[in-house]
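Look at the sequence and the model, then read on.

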Amino acid sequence: MKIIGYIIQKEFKQIFRNKAMLPIIFVIPFIQLIILSNAATFEIKNIKFSYIDYDKTSFSRALIDKFNASTYFNVITEYPSEKIANSAMLRGEIDVILEIPQYFERDLLKDKKTNLLVIINAIDGAAAGVENVYINQIVQGFNKNVQTDLMQGSDKKNIPKNIISIPSFWYNKTLNYKTFMVPGILVILVTMITLFLSGMNIVREKEIGTLEQMNVTPIKKHQFIIGKLFPFWILGMLLLTVGLIIARLLFNVPMVGSLALMYLYTAIYILVILGMGLFISNYTDTQQQAMFIAWFFVVIFILMSGLFTPIESMPEWAQFLTEFNPIKYYVEIMRMVMLKGSSFMDILPQFGKTVLYAIIMNGLAVWSYKKTN
Amino acid sequence: MKRFIGFIKKEFYHIFRDKRTLFILFGMPIVQILLFGFAITNEINNVDIAILDKSKDVTTQEIINKISSSKYFSVKQFIEKESEIETIFKKGKVKATLVFEKDFSEKLTKENNTTVQIITDATDPNTANTISNYVNSILQKHQQEINVTKITPYQIVPETRMAYNQELKSVFMFVPGVMTIILMLVSAMMTSISITKEKELGTMEILLVSPLKPFQVIIGKVFPYIFLSIINAVVIVLLSIFIFKMPVAGNLFLLGAESILFIISSLSLGILISTISETQQTAMMLSLMGLLLPVILLSGFIFPINSMHNILQVISNVIPATWYIIILKGIMLKGVGLAVIWKETLILLGMTILFIVLSIKKYKIRLE
């Protein structure tokens, strides 16, 4: 026990002596949490809108006024022809072109039917879909106004049947993205710091040659490993604590669930990550290799965690792969416990898998660590 | 010059001897682009939903059939009581519950009005909103069908054209982004590590006292990585064309030239990082912690920059990756030439020069 204490002391000293690392560990993560949580939103705003009005009648102008009044569309430009508008879209100056054909008003009044052409920059397919919905809503609203204006006093039998849908958004009534993103980004920061530091730690001693010195001391294998990794476990818990405080005070993220449950889960989760870090260290010779492998997995874990893009939409084989992604479980649990107040029984499946993961990962890591070369 | 070539040769030997790193260097990008190209999509498909049907009549059955046959939803369970909603949401089993009110058909025929509640688990606001919109559009369609007998006069029919990406494929959005992230991080990390490694192992001193000029040392160190990154870029482009069917509507040479520019800019960023860090650990943490998340989140890779706050848009503008993504999408999907993307190219060039100048200023010829 005493020996472990000394190793831990040594590790902490090393962490705090390296002045260049301190800001990277203690400042950058929180700056990122604060800034990046604001960036991660799929909400589509400030759509750069343009129109070509070949009709120039009171109807076409009324329609454009509707777009003017909407808060989604901000830059409203008028182009004289489709060709000019298209080249503006090529340059990325506008996202949407609405083309009102000639005889728009005349056709509507005479034939009771008229067309509009909408061109959307669809490189970002999801955004294009949302923009299309917004445009359709405005056009439909306008259409309804026209109908009621032109059909005054028609008979009551013609009232169409309505299925009214009432959406209600639970746990996040205002669809605030920050409450969604802050827990997720916090998870990633905790994971990155603990994985990178633990992954580099032992391999660094290997590369500099000090590991050999450690190996000839009477320190036992388990003492060495615990002493090496425990500081990063503390560090991870510390990062979580500061992150939660920022989430609560700065972002007003609701914390419905049990704080103790979150800490209990995090305590086990960090063990998974540390085991992974140790495992990487064992199988690499240089810090460079260790970091590349850690980077490789972190990028995969982040992008396939369901943090930014939904897991259900992935193909089946990819969904199966996410079962091995620890970040996925952590993101799910943080969101469930913090935002929905899920209880221990609710998160039992994820919890169990994480415990299993921790046992396997650490078992493998300890088994593959050898004091001799 | 001969000395310089000798030095470059030495660097190549270094890299090629370390088989493991080499394998990681070329294997990782391929695995990542394949994985992400196929797996990542921000479309909403197969969302699990629950249904609480209080009337169980013909109309609700029809609507439920329509919903479960759409590709967006799979009806996972039917529940009986309102109180169950909370339970299944807390377990995270379903993302939404549809509640049909009592006497659904009867109300529809007699009062012409009836309601469906769409209750979504909005901890994920994007999915919640999209689910709500999709259910709504299915309901609207059904409503139109039962109203066919009634005339709906005065119709304005918008016809929508999705430019550059007719089928709204997510791949078109994500492949340029993944390519950018891989190139940037690999280049920046490789150079920053290889230079600080010499510092940490003490061999930098030997290089500095050699007749090679300091800038020759740096260029010699970076040169092999330019070469390796270009191979990576070529492999990624080939994969995206042949496997993901990305079009290259524009000029392939322009694409190559812009990619080389971006690679050089990332490498010089790596040099800059190495000048301010003393150990490999610092260099790696700076390039990983400092670059990974900001590049993923602020470069327009996943999240639209237009919708961000003004301050964030400014930050996003100083990230070289942002400009490279615009250039990539421009050349590959829109088929534009230098006439359109000259501004982005100039900005990228300016950033590269800035990184190089800063590195030269910061570069210490003497070690403490």
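## Strands within chain B

Strand E1 (residues 47-53) and strand E3 (residues 96-100), both of chain B, pair in the parallel sense. Five bridges join them. Two strands pair if DSSP finds at least two bridges between them. Strands (E, at least two residues) and helices (H or I, at least four) are DSSP runs, numbered from the N terminus. B:Asp53 has B:Phe100 as its bridge partner in E3(B).

This is a predicted model: local features need pLDDT of at least 70, side-chain atom pairs count only at pLDDT 80 or more, and totals for chains, interfaces and linings use all residues. Residues are numbered from 1 along each chain as its sequence is written, while chains are lettered from A and ligands numbered from 1 in the order in which they are written.

## A sheet built from both chains

Which strands make up the open sheet, and in what order? The five strands run E5(A)-E4(B)-E3(B)-E1(B)-E2(B), with mixed pairing. The edge strands are E5 of chain A and strand E2 (73-79) of chain B; each pairs on one side only. Neighbouring strands are turned by 25° against each other on average, direction ignored.

Strand E5 (residues 162-170) of chain A pairs with strand E4 (residues 113-121) of chain B in the parallel sense, over nine bridges. In E4(B), B:Asp121 is the bridge partner of A:Trp170. Helix H6 (residues 125-146) of chain B lies across E5 of chain A and across E1, E3 and E4 of chain B. H6 of chain B runs at about 170° to E5(A). Axes are lines fitted to C-alpha atoms, for helices over the stretch in contact, and angles run from 0 to 180 degrees between N-to-C directions.

## Where the chains touch

In total, 100 residues of chain A are in contact with 100 residues of chain B. Contact means C-beta atoms, placed from the backbone, within 7 Å. Helix H7 (residues 125-150) of chain A gives the most to the chain A side, with 15 residues.

## Two helices side by side

The axes of helix H3 (residues 28-39) of chain A and helix H11 (residues 280-298) of chain B come within 10 Å. They cross at roughly 5°. H3(A) and H11(B) are therefore roughly parallel to each other, a term for angles under 35 degrees. From H3(A), the contact uses A:Ile28, A:Gln32, A:Leu36 and A:Ala39. From H11(B), residues including B:Met289, B:Gly290 and B:Leu293 take part.

Technical notes:
Two residues are in contact if their C-beta atoms, placed from the backbone, lie within 7 Å. Angles under 35 degrees count as roughly parallel, over 145 as roughly antiparallel, 65 to 115 as roughly perpendicular and the rest as oblique.
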